[in-house]
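Please read these points beside the sequence and the model.

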Amino acid sequence: MNNDEHFIRHVYDLAKESVKNGNDPFSAILVFNNKIQHESLDISVISSNPTLHAELNVISEYCTKNKIFSLDGYTLYCNVEPCVMCSGAIHWSRISKVVFGISQINLQKISGGKQKPRCEDIINIGHKKIEIIGPLLEEEGIRIFNEYTLLKKEERHMELYGKK
């Protein structure tokens, strides 16, 4: 098994843990020199903050804690292809490589949502080209979602707090 597969399976395990903690099944890790530096879950619904996706969290928390601005040389692993917001954060943090499990196209099939832009269209808009690999081990990742009722985030928030 190669490193990318090893780390994707790790984010799949984190996604399962996320569900057990009452969150949606999204997770991300930052890796440098083949070692996990930081990991995060999507806590947007339980924290009432729509920007707290796993990818954005892992970047923000790690950079703030370590007082660094550029993640050049780091790899971001996430169980689902990054959304538009997270893709912008990846671009601006100068991550060198992104590996994701489930494509946005297949996530939209699962969720019934509208098709979103591919992450590559946003991440690689500038001069620096970030390596993007995915989908990887997609069927394994889809099984996690098949065991979970994926509601719109507003609906989940309404269930928790009685407000949109």
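1. Strand β3 (75-80) is mostly covered, with 6 of its 6 residues buried. Buried means under 20% relative accessible area, exposed over 50%, and partly exposed in between (1.4 Å probe, protein chains only). Helices (H or I, at least four residues) and strands (E, at least two) are DSSP runs, numbered from the N terminus.

2. The model is predicted: local features need pLDDT of at least 70 and side-chain atom pairs count only at pLDDT 80 or more, while totals for chains, interfaces and linings use all residues. Residues are numbered from 1 along each chain as its sequence is written, and side-chain values use heavy atoms, with hydrogens and water left out.

3. β3 pairs with β1 (residues 27-32) in the antiparallel sense, over 4 bridges; two strands pair if DSSP finds at least two bridges between them. T75 of β3 is the bridge partner of V31.

4. β3 and β4 run parallel and are joined by 5 bridges. V99 in β4 stands opposite Y77.

5. In helix α6 (residues 138-146), the buried residues are E138, G141, I142, I144 and F145. They line one face of the helix, because seen down the axis of α6 they fall within an arc of 150°, taken from the directions from the helix axis to the C-beta atoms. On the other side, E139 and N146 are exposed.

6. Which elements cover the buried residues of α6? They include α1 (3-20), β3, β4 (97-102) and α4 (104-111), where contact means heavy atoms within 4.5 Å.
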